[in-house]
Amino acid sequence: MTRSSHSFRALSRISRWRRAVAWALLPVMSAMTFAAAVVPTQAAAQSLPTLGQSSASDLSPAMERKLGERVMREIRADPDYLSDLLLSDYINTLGGKLVAATRKVGLDASQSFEFFVVRDAAINAFSLPGGFIGINTGLIVTTRTESELASVVGHETGHVLQHHIARMLGQQAQNSWIALGGMLLGLLAGIGARSSDLGMGIAMGGQGLAVDRQLRFSRDAEREADRVGFQLLQAAGFDTYAMPTFFERLQRADAINEAGVPEYVRTHPLTTERIADMLNRSRNAGYRQPEQSPEYAFARARSLVLQQKSASDFATIAEAQRTAIRSQTAPSVAGAWYAVALAEYKQHRWEPAREALEKSRAAFGGSGVGTPSLAVLASDIARMQGKPAEALRIATDARAAFPLSQASDMAYADALVASQRIPEATKFLKDQVERYRSEPIWWRALAGAWAAGGKRAKQHEALAEQYALQGQWMAAVSQLKLARDAGDADFYEMSTIDARLHEFQRRYKEDKEDEKDFKQFG
């Protein structure tokens with residue numbers, strides 16, 4: 001992808017995310033009191049509060065979460081939000097290990113977290129208010145070990161645990177709510193652009209757009225996030241040397257050269273100081289041999305393939321991985337063959353995909369279903385080859401082996417539909433939408449199952465719920481109108497449809513009013 005096309009996509013994304021933040025700002029403004037009593041002194045504004053400390057001008061945890069959820073609605077509707085359940089399962093399992101380690105190091109573990117993956121080759125990760133942490137596919141691909149990936153996720157978790165965004169907003173509160181709005185828009189502009197310049201892919205978005213005093217605050221926040229991330233990395237059993245090693249490799253790679261980012265962000269000497277600090281901490285902690293998840297190599301391979309956009313890209317990736325295997329330069333033979341299998345699958349070349357997956361499984365070794373990545377792709381290939389019974393058998397075994405895997409559950413649902421076991425599929429999927437209430441992908445799957453069973457009203461109802469979770473109220477309203485006109489809903493279903501229709505119309509009007517109110521101050 002050319003720089004110009006990347007920039008165009010980034011600008012479009014910023015526009016959408018700016019709108020999401022603008023709408024989210026209004027309840028924040030009404031909840032914060034910008035009184036002189038809570039204005040920090042100049043000295044306090046230039047220093048970061050100690051670990052765990054907060055001030056009266058910070059956003060409350062509840063308000064942080066509300067703001068993050070509003071922004072996430074828009075992000076989930078973005079084409080680059082990667083709703084791949086295998087990657088989601090993996091990155092949330094990895095993040096969950098780090099979050100679980102908070103109790104071991106005496107940090108507050110009450111914060112809820114959600115980790116998600118973004119389709120972008122840039123080396124970056126970012127945190128949002130309320131415990132939402134995004135990881136680019138490019139970051140996953142660039143890491144060489146799971147501990148390297150965990151070091152970045154741990155750093156971002158440190159930002160959330162220390163409520164750095166709330167503190168940044170609290171510092172802005174001394175000026176006016178319009179200044180706070182500008183800070184939030186800048187924050188989301190940085191995230192929207194996802195510039196790898198912003199702290200070499202580990203800094204909070206918006207840092208490069210802030211004024212000098214805010215940057216000094218952010219530098220302190222970066223050091224604090226490093227320290228918290230290091231503690232989590234160590235307590236969770238990862239290799240602590242991975243943090244300075246990965247940071248140093250990024251520094252040498254000269255990968256941070258996006259246009260438009262201030263020069264001092266790219267050449268900031270604190271980067272070297274941070275690496276030295278982490279290296280010193282690693283030496284004091286001592287080395288341990290971590291146990292790397294078998295899913296890491298497959299998640300890395302999957303990220304490499306899924307960040308591509310065209311059939312020619314998939315073909316190129318498949319050939320490159322075959323070359324790496326032949327030349328014995330692939331970091332993981334099993335991972336390389338998996339990338340080939342997935343790339344062939346994306347080109348609808350089912351038999352080459354199956355053959356490559358078998359080679360991946362052989363290189364991986366072991367017995368049984370292997371890992372979720374191996375099992376789910378095997379089930380998907382069998383289903384696309386017109387072998388629903390085989391697909392269902394593989395998915396059933398995967399669910400038994402990996403009961404917490406959403407990806408295995410989805411493969412099972414897909415196989416049920418392919419086997420024309422529609423009542424079982426719809427019952428199963430209705431349970432899943434209750435279990436994963438915030439995940440639009442399950443409503444979309446339920447809509448597909450209802451469609452396969454010829455239930456048009458229920459199909460459109462499910463699609464409406466998917467759009468509602470993404471904050472696309474008019475699309476949700478349109479789907480409910482289609483459900484109402486489908487002609488196969490009974491009296492009680494029609495009552496439910498009408499009630500939800502009124503609810504979504506009300507939510508749409510509220511959002512439009514919020515947008516209007518914000519514009520008059522913009």
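Colleague: What makes the charged end of Arg-399 count as sitting over the ring of Tyr-412?

Modeller: In this predicted model, the charged end of Arg-399 is 4.9 Å from the centre of the Tyr-412 ring. The cut-off for the distance is within 6 Å, and the charge must also be within 35 degrees of the ring normal. Arg-399 is listed as sitting over the ring of Tyr-412. Lys-458 likewise lies over the face of Trp-450, at 5.0 Å from the ring centre.

Colleague: How is a pair of aromatic rings described?

Modeller: A pair of this kind is described by the distance between the ring centres and the angle between the planes. By the rule for pairing, the count is 10 aromatic pairs.

Colleague: Why is the pair of Phe-298 and Phe-364 called tilted?

Modeller: The ring centres of Phe-298 and Phe-364 are 5.7 Å apart, and pairing needs centres within 6.5 Å. Their planes stand at 55°, whereas stacked requires under 30 degrees and edge-to-face over 60. The pair is therefore tilted. Phe-298 belongs to helix H13 (residues 295-306) and Phe-364 to helix H16 (residues 350-364), so the pair links distant parts of the chain, 66 residues apart.

Colleague: Are Phe-298 and Phe-364 buried or partly exposed, and how do you know?

Modeller: Phe-298 has a relative accessible area of 1%; buried means under 20%, so Phe-298 is buried. Phe-364 has 30%, which lies between the limits of 20% and 50%, so Phe-364 is partly exposed.

Colleague: What makes Tyr-436 and Trp-442 a stacked pair?

Modeller: The centres of the Tyr-436 and Trp-442 rings are 5.6 Å apart and the planes are at 15°. That angle is under 30 degrees, so the pair is stacked. Both Tyr-436 and Trp-442 are buried. Elsewhere, Tyr-81, Phe-116 and Phe-126 form one aromatic cluster.

Colleague: Why does Leu-377 count as buried?

Modeller: The relative accessibility of Leu-377 is 2%. The limit is under 20%, so Leu-377 counts as buried. Leu-377 has its place in helix H17 (residues 372-384). Leaving aside neighbours within four places in sequence, Leu-377 is in contact with Tyr-338, Ala-341, Leu-342, Tyr-345 and Leu-357. Leu-342 is 35 residues from Leu-377 in sequence, and 7.7 Å from it in space, C-alpha to C-alpha.

Colleague: How many helices and strands does the protein chain have, and what percentage of its residues count as buried?

Modeller: The protein chain has 24 helices and 4 strands. Of its 522 residues, 54% count as buried.

Conventions. Residues numbered from 1 in each chain as written. Predicted model: local features only at pLDDT ≥ 70, side-chain atom pairs only at ≥ 80, totals over all residues. Heavy atoms only, no water. Helix = DSSP H or I, 4+ residues; strand = E, 2+ residues; numbered from the N terminus. Buried < 20%, exposed > 50% of the residue type's maximum accessible area, 1.4 Å probe, protein only. Contact = heavy atoms within 4.5 Å. Phe/Tyr/Trp six-rings, centres within 6.5 Å; stacked < 30°, edge-to-face > 60°.
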